[in-house]
Number of protein chains: 2
Amino acid sequence: MMSKRMGKQTIKFDSPPSIIATASTVGPKEGKGPLASYFDVVLHDPLWGEDSWEKAESKIVRKTIERVIEKAHLTPEDINYIFAGDLLNQLTASTFGIRGLNIPFFGLFGACSTMSESMSLGAMVIDGGFADYVVAEASSHFCGSEKQFRFPLELGTQRPLTASWTVTGSGAVVLAKNGTGPYITHVTTGKIVDLGIKDPNNMGAAMAPAAADTIITHFQDTGRSPEDYDLIITGDLGSIGKELTLELVRRSNYDIEKVLSDCGIEIFDPVTQDTHAGGSGCGCSAVTFAGYLYKEMQNNKWNRILFIPTGALMSPGSTQQGESIPGIAHAVVIDNKWA
Amino acid sequence: MMSKRMGKQTIKFDSPPSIIATASTVGPKEGKGPLASYFDVVLHDPLWGEDSWEKAESKIVRKTIERVIEKAHLTPEDINYIFAGDLLNQLTASTFGIRGLNIPFFGLFGACSTMSESMSLGAMVIDGGFADYVVAEASSHFCGSEKQFRFPLELGTQRPLTASWTVTGSGAVVLAKNGTGPYITHVTTGKIVDLGIKDPNNMGAAMAPAAADTIITHFQDTGRSPEDYDLIITGDLGSIGKELTLELVRRSNYDIEKVLSDCGIEIFDPVTQDTHAGGSGCGCSAVTFAGYLYKEMQNNKWNRILFIPTGALMSPGSTQQGESIPGIAHAVVIDNKWA
């Protein structure tokens, strides 16, 4: 037994779960960005008729999960588990969004790495024989995040160029025991890496060491190299974090420059949209995967990708207490084929 | 396949993981309660030499996990995954506690149900063939929780009799593929249940419907009855939630009065310790299991228990916005034997 393990942190599935449907809902700003045409629903109003940002995010979660189940031609009764998380204190975007669905629920917190945490665990419970269908989801909301992590929006506080822009949106997938792909074939689970960065307005720098650690470990565990991937895409490192990651990975003699991208870089146009370092938030990698990446894999633009959402595991309280920002990154291999 | 599933929400392991070690650390008040002798470490100072409650909780997490790995005669390199969570915003008690350990980490949020969420997922990844050894852990801290969820301690605010007292402590277990028990044989994963309770000072009432739903579903899924268990023990319903749960379960024609207890009731003496409805917090069920329940199972006081930590999935923000309190409860069967 234990043949599913490869090296220190990687597992390889015996019967890779298939991603049979995805759904995405985004806010107005994301709907004006370069990936707009890939999203299922673009909101005109970030409140979506609700009376708080938090309630709006819960509605986004609920509607996105309902949509992905429908797109998979299933009903909520068919779903064995939901794995989901968000950035709000005590995960209330997820829990209030999911409470009416009557589906067993595991709440996750991986900061902006949550989408790959949910996909990793969802794939593990399917390959482990515990489920036929699982929903994996993650969400964030710009307004709720600014309010909770930075300043009230009404202050109009100026943002440094290293800051990122939290994506408003939810991305969800249905993972199934049987299907025709794309498949989740491997998972490399990250450990916490903290090199002492303390600036919460430079989370790309804080997360880059974790991203690099997971990417290097993935290559070492699997024996694969950058050439084995059509695309290696991190979650929300942004332009600054991406450069640091390239450099850190290069020190271990892997050159990923030709294949590395970042969801936070893809989702906004920094020139016309004034988003500084790029998009961030659990929703950033979730909607980019559910929209752009999944659909272009179906178009065979890419056939094998390494998807690595990245999380900054801090809170306003930890920053106020002078703590540095621990990072984490979980990698998932998504492949159009397996054999 | 799918033979591991039983009914709607329950799974039965093919090769039940063994709980090979437990460790617990508690605060001074827990160290004066009825279960004091069962805990590994009783702190004299709830700050444990740190300069904030949050840092103290992270230290409690780290020391408890280091201890449980040592008690299992293992090293951190042997542990494939840590599953852990707490109540602090963005799980900082866990992440700052775990960051130095260099072990792949899945952060969980299930409010006070976190201990069974971590044990459930830990057992699933072992039985699924993904790990040899997993640490499952949960923690809470009275002072940090009061500050975050209720009022600054310095105010000396009076507490209603329905309120519970957040346990200061961490409980951790090492789950192993091979061992001599006690074993985790079944898991019944809860769904969110919200009957509209809005009083954050009466979380027992808010969580009772979820506890009852999971207990009833467990009986239906497995065909078992209350007589099959030596003990059915919820997490932190307290005295009021326990009565409500008994009544709700009775309506489905199961009488669990003879076997039902609650970690929140066991851990404090309400008369001498002025803890009102009982103990609560992720740490409540975690330390009660790691200390009292595990050790008395080894003494054969009980041979098969149904352990059901219960979570109130609210935040101060959701309460301020007039929301009710969704509850969740995850059940784990722990058995000295399996065949």
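This is a predicted model: local features need pLDDT of at least 70, side-chain atom pairs count only at pLDDT 80 or more; totals for chains, interfaces and linings use all residues.
Figure 1. B:Asn300 sits in the loop of chain B that runs between helix H9 (282–298) and strand S14 (304–308). Its phi is near 60°, a positive value in a residue other than glycine. Most residues other than glycine have a negative phi.

**Figure 2. B:Leu91, a buried residue with a positive phi.** B:Leu91 is not a glycine, yet its phi is positive, at about 50°. The residue belongs to the loop between strand S5 (81–85) and helix H2 (92–98) of chain B. Is B:Leu91 buried or exposed? With 2% relative accessibility, B:Leu91 counts as buried.

Figure 3. Most peptide bonds are trans. In chain A, a cis peptide bond joins A:Gly181 and A:Pro182, with omega at about 0°. A:Pro182 is placed in the loop between strand S9 (169–176) and strand S10 (183–188) of chain A. In chain B, B:Gly181 and B:Pro182 are joined by a cis peptide bond, and omega is about 0°. B:Pro182 lies in the loop between strand S9 (169–176) and strand S10 (183–188) of chain B.

**Figure 4. Helices H5 and H6 of chain A.** Two packed helices are described by the angle between their axes and the distance between the axes. For helix H5 (residues 203–222) and helix H6 (residues 238–250) of chain A, the axes come within 8 Å and cross at roughly 35°. The crossing of H5(A) and H6(A) is right-handed. On the H5(A) side, the contact is made by A:Gly204, A:Ala205, A:Ala208, A:Pro209, A:Ala211, A:Ala212, A:Ile215 and A:Ile216. On the H6(A) side, the residues are A:Gly241, A:Leu244, A:Thr245, A:Leu248 and A:Val249. Which classes of residue make up this contact of H5(A) with H6(A)? There are 10 nonpolar, 3 polar and no charged residues.

**Figure 5. Helices H5 and H6 of chain B.** Helix H5 (residues 203–222) and helix H6 (residues 238–250) of chain B pack at an angle of about 35°, and their axes are 8 Å apart. H5(B) passes H6(B) in a right-handed crossing. Residues of H5(B) in the contact include B:Gly204, B:Ala208 and B:Ile215. Among those they meet in H6(B) are B:Gly241, B:Leu244 and B:Val249. The contact of H5(B) with H6(B) holds 10 nonpolar, 3 polar and no charged residues.

**Figure 6. Helix H4 of chain A and its cover.** How many of the 8 residues of helix H4 (residues 142–149) of chain A are buried? The number is 6, and the helix is mostly covered. The buried residues of H4(A) are A:Phe142, A:Cys143, A:Gly144, A:Ser145, A:Glu146 and A:Gln148. Their cover includes helix H1 (53–71), strand S7 (133–140), strand S8 (165–166) and helix H10 (316–320) of chain A.

**Figure 7. B:His276 in its loop.** B:His276 is found between helix H8 (270–273) and strand S13 (279–280) of chain B, in the loop. Its relative accessible area is 18%, so B:His276 is buried, the cut-off being under 20%. B:His276 and B:Trp165 are 111 residues apart in sequence, and their C-alpha atoms are 7.4 Å apart in space. Apart from neighbours within four places in sequence, B:His276 is in contact with B:Arg159, B:Pro160, B:Leu161, B:Ala163 and B:Pro270.

**Figure 8. B:Ile305 and the residues it touches.** B:Ile305 is part of strand S14 of chain B. Its relative accessibility is 0%, so B:Ile305 counts as buried. Which residues does B:Ile305 touch, not counting those up to four places away in sequence? They are B:Tyr229, B:Leu231, B:Phe289, B:Leu293, B:Met297, B:Val332, B:Val333 and B:Ile334. B:Ile305 and B:Leu43 are 262 residues apart in sequence and 29 Å apart in space, C-alpha to C-alpha.

Definitions and conventions. Residues are numbered from 1 along each chain as its sequence is written. Chains are lettered from A and ligands numbered from 1 in the order in which they are written. Side-chain values use heavy atoms; hydrogens and water are left out. Axes are lines fitted to C-alpha atoms, for helices over the stretch in contact, and angles run from 0 to 180 degrees between N-to-C directions. Helices (H or I, at least four residues) and strands (E, at least two) are DSSP runs, numbered from the N terminus. A crossing is left-handed if the near helix is turned anticlockwise from the far one by less than a right angle, and right-handed if clockwise. Contact means heavy atoms within 4.5 Å. Ala, Val, Leu, Ile, Met, Phe, Trp, Tyr, Cys and Pro count as nonpolar, Asp, Glu, Lys and Arg as charged, and the others, Gly among them, as polar. Buried means under 20% relative accessible area, exposed over 50%, partly exposed in between (1.4 Å probe, protein chains only).
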